[in-house]
Amino acid sequence: MGMTMTQKILAAHAGKQEVRAGQLILAEVDMVLGNDITAPVAVREFEKIGIDKVFDTAKVAIVPDHFTPNKDIKSAEQCKMIREFSKRQGIEHYFEIGEMGIEHALLPEKGLVAAGEVVIGADSHTCTYGALGAFSTGVGSTDMAAGMAVGKAWFKVPPAIKFTLTGKPSQWVSGKDIILHIIGMIGVDGALYSSMEFAGDGIAHLSMDDRFTMANMAIEAGAKNGIFPVDHKTISYLAEHADRSYTAYAPDDDAEYVREYVIDLASLRPTVSFPHLPDNTRTIDEVGDVPIDQVVIGSCTNGRIEDLRIAASILKGRKAAKGMRLIIFPATQKIWKQALQEGLLEIFVDAGAAVSTPTCGPCLGGHMGILAEGERAVATTNRNFVGRMGHPKSEVYLASPAVAAASALTGKITGPDALDHTIGRNQADES
Amino acid sequence: MKAKGSVFRYGDNVDTDVIIPARYLNTSDPKELAQHCMEDIDEAFITQVKKGDIIVADKNFGCGSSREHAPIAIKASGISCVIACTFARIFYRNALNIGLPILECPEAASGIASGDEVEVDFDTGTITNLSTQESWKAEPFPEFMQELIKADGLIHYIRQGGMD
Ligand code: SF4
């Protein structure tokens with residue numbers, strides 16, 4: 001019996017010829033990640049182990065991104081603790097304000113993850129790097145501490161679910177719509193404990209940014225990881241960002257999948273997740289009339305340059321609806337600068353947006369855009385749980401950057417293809 | 001080892017954002033976190049919970065964020081054990097890694113109601129509903145995980161040379 005891509009990577013890192021679903025293994029890790037919420041707990045646990053030095057100062061990344069720039073005294077103390085730890089330990093990949101970004105956009109951009117590698121991160125969206133053909137998964141702070149100490153982690157080898165993507169998505173259907181569609185189809189625990197392995201000729205139509213978005217949300221289906229095959233787009237991304245050799249794994253022909261789905265990308269529509277679970281999806285044609293107070297474009301899911309370009313293409317020369325709060329946060333400093341150079345920031349500001357420095361901020365209800373009781377937001381983030389973006393009685397609707405931008409213009413959930421007509425009419429009203 | 005207490009009963013997909021909302025994550029002090037445990041779905045929880053009490057839930061308990069603050073808050077609130085039909089995977093490993101006992105047992109979950117008195121025997125995996133006198137057996141942990149639990153979590157396990 002053959003192995004899946006995930007199983008091959010895990011076998012290689014456990015020093016084994018073969019692993020099987022369900023087997024417990026100890027694997028070497030290539031990168032251990034933590035942020036300003038999870039790393040402080042990990043540092044305390046690390047110090048209990050009684051090992052003085054991290055296993056490899058080049059294989060630990062610490063990114064203060066959740067409550068930064070520090071939102072209050074307590075978060076400043078947490079950041080101070082991990083800053084001092086990183087300094088004491090000589091951690092090479094500690095990123096301060098001014099060079100940082102949201103961890104899952106930052107690591108690939110800095111070339112800290114490559115195909116075939118094993119990455120653990122004390123953050124559930126660590127699964128993002130599956131877009132690069134790596135095995136990456138979210139763990140807790142204790143796992144991070146152990147990883148920093150011994151460079152290893154324990155894993156139960158996951159069974160796999162195969163998603164064969166065929167055809168070409170239509171103009172306004174992005175990676176976000178595809179993954180929301182999949183989560184709506186299989187449920188928030190539809191891939192529990194499993195790896196989501198993507199395959200099929202449809203992948204060729206997906207940019208790296210689309211793939212990052214999709215792998216990012218594998219955890220929203222309960223998956224251990226999501227993984228894409230390595231193709232020419234992956235290879236040129238890695239050539240541009242990661243200056244080292246790597247291994248591209250491919251699944252065996254007789255790899256075992258517990259379930260298989262075939263998805264015709266051409267048949268998909270822009271998709272929105274209604275409160276309070278990501279699997280509560282509707283196509284844009286089914287949303288009805290949902291007025292909103294705030295739009296958030298950004299996060300580790302959709303804060304990359306392509307996301308900003310799409311939003312800008314819709315917002316260009318137009319104004320957000322009266323009373324709408326439009327918040328845009330590019331995911332990294334580099335993306336922010338690129339958006340500046342391409343003129344996107346000016347388009348956003350002219351449209352009435354507040355453009356933030358990179359931060360997780362509103363995505364987790366941290367700061368910079370908290371919702372009050374009864375308020376509704378359309379967000380390009382990944383979770384719409386109760387209270388996720390603020391008051392327990394507020395509501396978050398998950399959507400693509402295109403839908404979010406279009407909704408900011410009309411003040412209610414709107415698909416970009418409905419826009420020309422609507423906006424034309426609004427503008428006529430104003431004149 | 002045994003646990004005994006009265007039950008707080010929850011449904012499907014209890015996520016880590018409601019177990020401990022992000023607005024309180026600017027601290028990692030277990031006692032402070034426990035003050036806000038379950039606040040967004042059950043305000044009464046923290047005023048009513050007694051040492052030894054048990055949480056019982058349906059499927060996918062602990063889904064969402066990887067915050068270890070969630071099992072830490074539950075443990076620090078006095079809860080002795082969580083029983084659910086299924087657990088989200090990061091919560092599952094975090095609970096084992098910090099030494100919060102958890103058991104997967106769909107049959108027991110459906111046979112236990114809010115306020116029932118329940119006893120759990122971790123050595124045998126036996127769950128008894130003292131209020132109805134029904135009992136069930138949870139799947140025992142694989143050997144490696146039993147070793148983790150015996151060592152009282154991953155950190156102690158490493159100290160004992162378990163990851164060499
Ligand atoms: S942007 Fe949101 S989902 Fe992504 S790491 Fe930050 S808080 Fe988590």
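Reader: What is a polar contact, and how many residue pairs are in polar contact between chain A and chain B?
Author: A polar contact is a pair of N or O atoms within 3.5 Å, where, within protein, one atom must be able to donate a hydrogen and the other to accept it. The model is a predicted one, and side-chain atom pairs count only at pLDDT 80 or more. With both residues at pLDDT 80 or more, the count between chain A and chain B is 23 residue pairs.

Reader: How many salt bridges are there between chain A and chain B, and which residue of chain B forms one with K74(A)?
Author: The count between the two chains is four salt bridges. For K74(A), the closest N and O atoms of the pair are 2.7 Å apart, and the partner in chain B is E32(B).

Reader: How many residues does the contact take from each chain, and what area is buried between chain A and chain B?
Author: The contact takes 50 residues from chain A and 45 residues from chain B. On the side of chain A, T142(A), W154(A) and Y193(A) lose the most area to chain B, together 18% of what that side buries. Carbon and sulfur atoms give 59% of the area buried between the chains, which is about 3900 Å².

Reader: Are D231(A) and R211(A), which meet in a salt bridge, buried or exposed?
Author: The side chains of D231(A) and R211(A) meet with N to O at 2.8 Å, and the pair links a loop between β10 and α8 with helix α7, 20 residues apart. Since buried means under 20% relative accessible area, D231(A) at 18% qualifies. R211(A), at 0% relative accessibility, likewise counts as buried.

Reader: Which parts of chain A does the salt bridge between R376(A) and E395(A) tie together?
Author: The closest N and O atoms of R376(A) and E395(A) are 2.8 Å apart. R376(A) has a relative accessible area of 26% and is partly exposed, and E395(A), at 24%, also counts as partly exposed. Because R376(A) lies in one strand and E395(A) in another, the pair ties together parts that are 19 residues apart in sequence, namely β17 and β18.

Reader: Which residues do salt bridges that share partners join into one network?
Author: D417(A) forms a salt bridge with R269(A), with the closest N and O atoms 3.2 Å apart, and that pair links two loops of chain A, 148 residues apart. D417(A) is partly exposed at 42% relative accessibility, as is R269(A) at 28%. Through shared partners, the network joins R269(A), D285(A) and D417(A).

Conventions: Residues numbered from 1 in each chain as written. Chains lettered and ligands numbered in written order. Predicted model: local features only at pLDDT ≥ 70, side-chain atom pairs only at ≥ 80, totals over all residues. Heavy atoms only, no water. Helix = DSSP H or I, 4+ residues; strand = E, 2+ residues; numbered from the N terminus. Buried < 20%, exposed > 50% of the residue type's maximum accessible area, 1.4 Å probe, protein only. Contact = heavy atoms within 4.5 Å. Buried area = accessible area lost by both parts, 1.4 Å probe. Polar contact = N/O pair within 3.5 Å; in protein donor to acceptor, adjacent residues only side chain to side chain.
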